Amino acid sequence: MSEGVVDRSASREWVDRAVQLIEADSQRSADTHLLRYPLPPEWGVQLYLKDESTHITGSLKHRLARSLFLYAICNGWVRADTPIIEASSGSTAVSEAYFAKLLGLDFVAVMPRSTSPAKVALIEAQGGRCHFVDRPPEIYTEARRLAAELGGHYMDQFTHAERATDWRGNNNIAESIFTQLQLEEHPIPEWIVVGAGTGGTSATVGRYIRYRRHRTRLAVVDPENSAFYGGYETGSVDYTTGMPSRIEGIGRPRVEPSFVGQVVDRMIRVPDAASIAAMRHASEALGRRVGGSTGTNLWGAFGLIAAMIADGRRGSVVTLLCDGGERYAGTYFDDDWVAGEGLDLAGPAATLEEFTATGRWRA
């Protein structure tokens with residue numbers, strides 16, 4: 001090499017192979033199903049669930065992890081020997097551990113020491129390692145510190161989620177929903193309902209709706225203790241609650257950088273008891289267990305459907321089945337755990353029963 005020239009092109013071979021491996025994995029998994037939720041046909045409203053539990057790592061976060069890895073690799077931040085660090089104790093860490101293993105990279109999830117053994121086991125089963133902190137707010141700074149110490153890359157899902165996905169199309173979740181609805185009675189839904197954890201999914205859906213000039217509106221549901229509702233209501237990106245959400249996968253103690261409130265048409269605050277009651281209600285209706293965040297989504301969707309029925313409007317509503325309920329046998333499906341959390345499901349359960357029977361919503 002001549003003097004005055006720096007050449008790093010040798011690393012391109014690994015980059016090409018890494019992208020090919022990720023794209024091949026996506027090709028093998030095809031797309032997730034769009035399920036019809038059982039509603040009385042005389043209502044004239046169809047409810048669809050985008051079933052993200054069928055990803056190989058079992059949740060909606062599989063899409064996010066794939067996008068984050070492609071984004072980091074194509075930006076030159078991740079190379080053949082780069083350790084991957086993430087601040088996550090949930091499904092994102094499980095999915096990122098999977099992709100790190102696929103590429104032969106070390107993966108470390110930084111998480112609170114209080115994280116359940118079941119979640120730790122899921123991450124370790126995918127080849128990841130768990131690094132614990134005593135105070136939950138410390139996970140961000142500790143992840144950065146650990147990445148610097150190891151010479152690794154901090155994936156930082158909460159910052160990069162909204163920009164890592166191509167929101168114009170390229171088989172993102174929004175494009176997939178509208179493609180799968182093409183032959184349905186109401187192919188352009190009145191509402192799409194999602195929760196926010198990083199904010200990446202709501203940003204992708206909201207941008208895509210506007211880009212394609214659809215009349216669909218976007219509703220974001222938010223559980224107790226989460227900052228997204230308060231931030232949206234006040235217009236403050238610095239809004240905080242300082243408390244973690246009990247509904248795994250959604251809700252944050254601060255408004256995360258990836259949350260784009262400007263593309264959200266309506267925010268709906270959902271009590272945790274309502275999320276769990278709706279999760280259990282839907283599990284019976286579908287004949288399979290679904291997770292807590294799916295219950296949050298459905299609580300919001302049911303309220304919007306009831307308003308459509310009251311106004312005499314026909315149409316469709318779409319929401320997400322984020323993950324399966326098997327992960328929550330010891331929490332949301334456990335009556336002793338629910339009682340220990342001080343949650344009373346009787347009121348929300350009565351609301352759901354009345355809605356199922358009459359289409360009226362008295363939440």
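Where is Gly330 found? I looked this up in a predicted model, and I found Gly330 in the loop between β10 (315–321) and α12 (335–340).

**Entry on Gly330.** I next checked its accessibility. Gly330 counts as partly exposed because its relative accessibility is 48%, and the term exposed is kept for values over 50%. I also looked up its separation from Leu122. Gly330 and Leu122 lie 208 residues apart in sequence, and their C-alpha atoms are 15 Å apart in space.

**Entry on strand β2.** I then turned to β2, which covers residues 45–51. Seven of its seven residues are buried, so the strand is largely enclosed by the rest of the structure. I noted the direction of each side: Val45, Leu47, Leu49 and Asp51 point one way from β2, while Gln46, Tyr48 and Lys50 point the other way. In a regular strand, side chains alternate between the two faces of the sheet.

**Entry on the partners of β2.** I looked up which strands pair with β2. Strand β1 (residues 34–37) runs antiparallel to β2, and four bridges join them. Within this pairing, I recorded Tyr48 of β2 as the bridge partner of Arg36. β10 pairs with β2 in the parallel sense over seven bridges. Here I recorded Ser316 of β10 as the bridge partner of Gln46.

Finally, I examined the second largest pocket, whose volume is about 220 Å³. It is lined by 13 residues, of which Val237, Val255, Phe259, Gly261 and Gln262 are the closest to its centre.

Notes:
Residues numbered from 1 in each chain as written. Predicted model: local features only at pLDDT ≥ 70, side-chain atom pairs only at ≥ 80, totals over all residues. Heavy atoms only, no water. 1 Å grid on protein atoms, 1.4 Å probe; cavity = no way out; pocket = protein on both sides within 12 Å on 5 of 7 lines; lining within 4 Å. Points joined across faces, edges and corners; volume = space filled by probe spheres on them. Helix = DSSP H or I, 4+ residues; strand = E, 2+ residues; numbered from the N terminus. Buried < 20%, exposed > 50% of the residue type's maximum accessible area, 1.4 Å probe, protein only. Pairing = 2+ DSSP bridges.
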